[in-house]
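Please keep the sequence and the three-dimensional view at hand while reading.

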Amino acid sequence: MTESQVYGGMQWQGSSGYEYDASDYLDDFNAYASQLKTITGVTNPADVTVESGTAKPTDQLTTEVAVTYDDNTTGTAKVTWKIPDDWNADLKAHTIKLTGTVEGTTKTVTLNLNVKAAKATAATFKGTTNTETSVTTEAGTAPNLPKTATVTWSNGSTSDETINWGSSQDYKKPGTYYDLKGTVEGFTLTAHVTVNKATITKVDQPEATTVSKGATPTIPTTVKVHWSYGDPTDETITWDANADPKKASFNTVGSQTFTGTAAGQKVTWKVTVVETKVTKAYDPVPMTTEAGVDPTSELPSKVQADLDNGQEKQSVSVVWDTLPETWKSYKGGTIKLKGTVNGQADQTVTLTITVKHATIQDQTLAGISVPAGVDPTSKLPETVTITWSHNTGTQDNVKVAWNKIDASAYQQAGSFTATGTVTEDGQTGKVSVPVTVTYPVAVSAEATSKSVDTIATNEPVLSGVNATVQYTNGTTTTNKVKWESIAAAKYAEDQAGKSFEVTGTVLKEAATTKSVKARAAADELTDANDNALTVKVTVNVTARKITAVTPSTDKISVDTAKNTDPTPTPTGKVTVTWNDKKTGDRTVNLTLPKDWNKGIDEHTVTATGTVDGWTDPVPFTVTVNAAKAESVAPIKAIATTAKIVPTLPEAATVTWSNGETTEESVTWTKPADTAYDTVGQDVTVKGTVAGLDTQVTVHVVAATITSVDNPAGPFTTSAGKAPTTLPSTVNAHWSNKTESSVAVVWDTKSVDFSNRSGKDKTVTVEGTVQGWNQKVEAKVTVASAKVTAATVDGDTTVKTDSGTAPKLPENAKLTWDDGGAQTTAKINWAKFDGYKNRDGDTFTVHGDVDGWANGVDVTVEVAPATPIKVEQDKFPVSVEVGGKLTLPAQVNVIWSNNDKVPTTVAWDTYDAKLLTKAGTFTVNGTVTPKQGTEYQVTATVTVTAKKQDNTTKPGQNTTENAKNNLSNTGSSVAIIAVVALLLVAVAVTVLAIAKRQHD
């Protein structure tokens, strides 16, 4: 107000002073009475679930409950709960019904308190506080372990519970110490078990042994020891040094006693030696030897015999008679050799020795040489001298049976081995002759590819084009070619779509390693006349084009700016990939998107750039630097009741360098509480916000708040973000009829600001004002989130055959600017016919994605088609005698992609005399749709007798028609001229009228 000031319920009336009439008083009284309400109903709160513990869960219970007043309004009131002392007495899960007293009424509320089952917190051996114990047991006796443990529970109680012990057989091991684990209610207890050592009760002595003189007894190595715990063991004997049977001799008749120890106990063993005599000798097993191999060293020195002491089949010495020389003959034979046993003439044995026939040793003869294509069989020897194995002799003039030689072995230069067999006296041996096949003579050569493609500016690659060489023996080889140098101008950028021919000289160096002997790379291949062989190839130059553009990942930053400032133009780098696989770097100017400067925090946006020769925009991520605070809007004065420290505004409106304004937190330098003691006092409080100074004026009043105005707005925010533009103060109406700004605290945490609906949504944010028991409301418009990027959900490179439509990914993954999870959207791919390209190629296919203007791309690699067949291979043709024969220049070739391609026919030559008389003959032709693929076609030509020509010529009529046509053409020109003049006149008139209106 300019003339008066409303203050504390009284109105200043200039020189009349303050005036307070009955109407003002009545208004104040009504405001106070509106706050006096009676609670008529209360609502029981929801159930509460708590852990079983020792302390009452008071802090987990609600402190307020919903109430209904007598004016049908609702609110909340404080409640006090009574929890019984035995609320946690039951170890199992249980429910207790609690009763609460509501402040301001005699009504009560109830609450179901769900107490979870108690949890074990500790376990010890019963009667102790220990988790470990020690137990001793005898070997072989299971230890006596504690049965129960004392368990302490989360509600403070204890109980005795059974221990579940693990199992172990270690108690059977004397002198062992081991640990055994037991579990109870999730806790582990340990028993340390000691097993006492065992004692020996008995040792089983080895049995006495009798042997014949000269024989060696079997010496025992272990004895069985019996222990105190019952189980016997085999223990190793350690013989005494002066009574060790291993060092004793048994060639003297008599008795010997040997001593030792096992497991510390004495061991005794007695051996008796007696005289022996053979009563029966056994013939040894027959043996076999090779002819020429002396078997003397293999004769057995002992045979089996029964002795007079009752022992059977003992090993006894034998002496053999002189060995006959049967073994030295290559024919072999059988030897019966006599032997005397144990020196007893009456005891002999016979050894049967079989001498095998000698074998013929394999041999390799001197090599022979033949040219390629000549069968070398006639050069092989008919007989040879054979050698018997083990130097048992030789034999001359033994006939050789040569194996048949496959023609492929001598068809090409190289080498192989001819093999045969010799047979004599029932034995067979092998004979080999190395055969060298020399080179044939070259006749002609043709390039392996008639044409090659190269991309403009790329030198043609001819290293893979070799020559197919035909030789006099009908064989062919593939040889390398030395190609002539090619001028760069022939495959320059301006030569795209053109072709040229290159000549090469055939080299002796083979493209494959076996057909032609490797020679110097520059050694030319010549024919029979020593002329160098040459071949030609056609080079097709194709256009160079960009196949991919990849943006750099280097960070790009720009400073934010106001919408009224010039928009910055950052630059980015891209790598361009061409269809010849070469790459290059370019710098492109970037266009920032709309609202690029929206938001004061550092953030990223997607800018786009364009590259010459590439139709799609190239996306870049650009970092927009955080805005800087420039100014703070004045904060409206607020009011507080005397002696009440006011709630100062939490935020102030800050204007940033990007032109945006936000509500930012204020840090206040608060005065002493006594500054608010005097009614009518204005207190200035200083603070800082976003690094800038600010202040607020606080009016000290005696009145109370009667109502608060909701802020008018509009208030907006981005999806997923709490609004920053809500005011820090609102307008309050006081009981003294005054209005002032008061601080408000907004509750944004309980509001859902998410929005991906594609349109704005409105939410309500509630605020709290000190001294006002109701909520302030602000309507906030939440803008829908936007998609910031889209990527293909699947492979970005799709391969297909020519003629087969590629299967493109169905969906794209969308990234939103609200920072939430990605979503999936269907891709609407542009119509793509590139897969029909017969030659194959690499294409970029663009797809539209709802919510993302830039769309997505995939690379489609189309493999070239292949020819399948000719549509027609037989052609009937008629011609008159003496006429000119015209054969079909082209035929349709059907390719794997179903294309029908007219292709030139190369017809064979024919005798022109066939056209001078009536009759029928055929001409063959060749169709070559691509290098390496040929089809044969046939034309059946029927020559007919010549017909008489009765055609009448047009004569004069031709001239008259020409004149008429010329006349008609002149008339048309005249008409066009008249129409043109009329149009010019109309245009002049319209221009004049427009000029007058403008003037």
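What percentage of the residues in the chain is buried? Of the 999 residues, 35% are buried. The model is a predicted one.

**The chain as a whole**

The secondary structure consists of two helices and 72 strands. Among contacts with a separation of 6 or more, 55% are between residues 24 or more positions apart. The chain has an accessible surface of about 58700 Å², and carbon and sulfur atoms account for 49% of that area.

**Strands and their partners**

An open sheet is built from six strands, in the order β4-β6-β7-β8-β9-β5, with mixed pairing. At its edges stand β4 (39–42) and β5 (48–50); each has a single partner strand, so one side of each is left without a neighbour in the sheet. From one strand to the next, the twist averages 45°.

| Strand | Partner strand | Direction | Bridges |
|---|---|---|---|
| β6 (residues 64–69) | β7 (residues 74–82) | antiparallel | five bridges |

Individual residues show how β12 is held between its partners. Thr124 has Thr150 of β12 as its bridge partner, while Thr148 stands opposite Thr162 in β13. The hairpin of β12 and β13 has four residues between the strands, and there Gly156 adopts a positive phi near 95°.

**Nonpolar cores**

The largest nonpolar core contains 45 residues, of which Ile705, Val708, Val730, Trp734, Trp746, Val769 and Val849 touch the most other members. Strand β66 (residues 852–863) contributes the most to this core, with five residues. Which residues does Val708 touch, leaving out those up to four places away in sequence? They are Val730, Asn731, Ala732, Val769, Trp772 and Val776. Another core lies apart from the largest one; it has 41 residues, including Val316, Leu380, Phe416 and Val433.

**Aromatic pairs**

A pair of aromatic rings is described by the distance of the centres and the angle of the planes. In this model there are eight aromatic pairs. One of them, formed by Phe258 and Trp269, is tilted, with 5.8 Å from centre to centre and 35° between the planes. Phe258 belongs to strand β22 (residues 254–262) and Trp269 to strand β23 (residues 265–274), and the two residues are eleven residues apart. Both Phe258 and Trp269 are buried. Ring pairs also join Phe258 and Trp269 with Trp239 and Phe250 in a cluster.

Why is the pair of Tyr330 and Trp388 stacked? The ring centres are 4.8 Å apart and the planes lie at 15°, which is under the 30 degrees that the term requires, so the pair is stacked. Tyr330 sits in the loop between β27 and β28 (333–341), and Trp388 in the loop between β32 (383–387) and β33 (394–402); the pair therefore ties together parts that are 58 residues apart in sequence. Tyr330 counts as partly exposed because its relative accessibility is 23%, whereas Trp388, with a relative accessible area of 1%, is buried.

**Two loop residues**

Where does Asp308 lie? Asp308 is found in the loop between β26 (302–307) and β27 (314–320). Its relative accessible area is 46%, and Asp308 is therefore partly exposed. Beyond its neighbours within four places in sequence, Asp308 contacts Glu275, Thr276, Lys277 and Thr279. Asp308 and Glu275 are 33 residues apart along the chain, and their C-alpha atoms are separated by 8.9 Å.

Ala492 occupies the loop between β39 (476–483) and β40 (499–510). Because its relative accessibility is 24%, Ala492 counts as partly exposed. Apart from residues up to four places away in sequence, Ala492 touches Ala456, Thr457 and Val541. The C-alpha atoms of Ala492 and Ile455 are separated by 9.1 Å, and these residues are 37 residues apart along the chain.

Note on methods:
Residues numbered from 1 in each chain as written. Predicted model: local features only at pLDDT ≥ 70, side-chain atom pairs only at ≥ 80, totals over all residues. Heavy atoms only, no water. Buried < 20%, exposed > 50% of the residue type's maximum accessible area, 1.4 Å probe, protein only. Contact = heavy atoms within 4.5 Å. Areas by Shrake-Rupley, 256 points an atom, 1.4 Å probe, with all protein chains shown as cover. Core = buried A, V, L, I, M, F, W, Y, C linked by side-chain atoms within 4.5 Å. Pairing = 2+ DSSP bridges. Axes fitted to C-alpha atoms, helices over the stretch in contact; angles between N-to-C directions. Phe/Tyr/Trp six-rings, centres within 6.5 Å; stacked < 30°, edge-to-face > 60°.
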